[in-house]
Structure formats: C-alpha cells, structure tokens
Amino acid sequence: MAWAVINSSSYIEQLSGSRKPIKMVDGTYLFAFPLPEGAIPYIYLDDFAAYVNWIFQNPGESNGMTLDVATAHATGDDVAAAFTAVTGKPAKFQAIPVEMWHAESWKGCQRARTPILGSIVSAHV
C-alpha cells in the first residue's frame, strides 16, 4: 500500500475570508491577525491540488514522502503591500492578540450543529 502525507498551512484564499481587511474610516484597509513576527506559509488551492495530483500520478516516487507545501511565505506587511499593489488602495497590517482574533473568527460557528464543535467554539469565545 502506497501512502504520502501532505502538510499545508493557511490557504491564500482566506485573505478574502477570515483574514480579509477591514475598511477604516480614512479609507485605509486594515489587515488584522495574530502575527507579531515571522511569516505565514500560504498555499493557493490550485497549487495544493497540483501537489496532490502529483502524489497520485507518481505513487512509486511519492510513497512514504511527507510534503510540506507553500506557495509563498508572507508577513502581515507583505500582505498589505500586495493588496495595495494590486488594488491601488492604501492598506496596512496590525498584529492583534490571538484571543481577539479567535473571538471574531469563530462568531459564525456558535450555532454549530455538532455538539463537540459548539463546545470548542464556546470555550474560545
């Protein structure tokens, strides 16, 4: 039996979801998430799919492998700068406490139908 493990981090598509910027009163877009230092290894879902496809197409070569994949490593400042470069709109990044980010990120899950998920979410809100 052939097997492989593929590890990824955040999906770059989350920048239009849980990590999307907030438009401030002055027109600046604020990216706020818990990243006081370092970078996030983002993966674009199409790139992730290409790695998974490679694993299936090459079972002999991929057997037993652990792949740690990322499209780009980006700091919060990198994310804000890329947003400005693409949209022409001013943006900045601000690191926030992880507790604050969890409180906002999990709001939509409070009515989860799965009791276990509901308990986990309630503990973090």
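Predicted model: local features only at pLDDT ≥ 70, side-chain atom pairs only at ≥ 80, totals over all residues.

Two of them are set out here.

| Pair | Geometry | Centre to centre | Angle between the planes |
|---|---|---|---|
| Y11 and F48 | edge-to-face | 6.4 Å | 75° |
| F33 and F93 | tilted | 5.0 Å | 50° |

Let us start with Y11 and F48. Y11 belongs to the loop between β1 (5-7) and β2 (22-23), while F48 is part of helix α1 (residues 45-57). How exposed are the two partners? Y11 counts as partly exposed because its relative accessibility is 33%. F48 has a relative accessibility of 18%, so it counts as buried, given that buried means under 20%.

Now for F33 and F93. F33 sits in strand β3 (residues 29-33) and F93 in strand β7 (residues 91-95), so this pair ties together parts that are 60 residues apart in sequence. Is F33 buried or exposed? With a relative accessibility of 1%, F33 counts as buried. F93 is buried too, at a relative accessible area of 17%.

F33 has another neighbour to meet: the charged end of R19 sits over the F33 ring, 5.6 Å from the ring's centre.

Finally, there is a cluster to find in the view: Y29, F31 and F83 are linked by ring pairs.

How values were computed
Residues numbered from 1 in each chain as written. Heavy atoms only, no water. Phe/Tyr/Trp six-rings, centres within 6.5 Å; stacked < 30°, edge-to-face > 60°. Helix = DSSP H or I, 4+ residues; strand = E, 2+ residues; numbered from the N terminus. Buried < 20%, exposed > 50% of the residue type's maximum accessible area, 1.4 Å probe, protein only. Lys NZ or Arg CZ within 6 Å of the ring centre and 35° of its normal.
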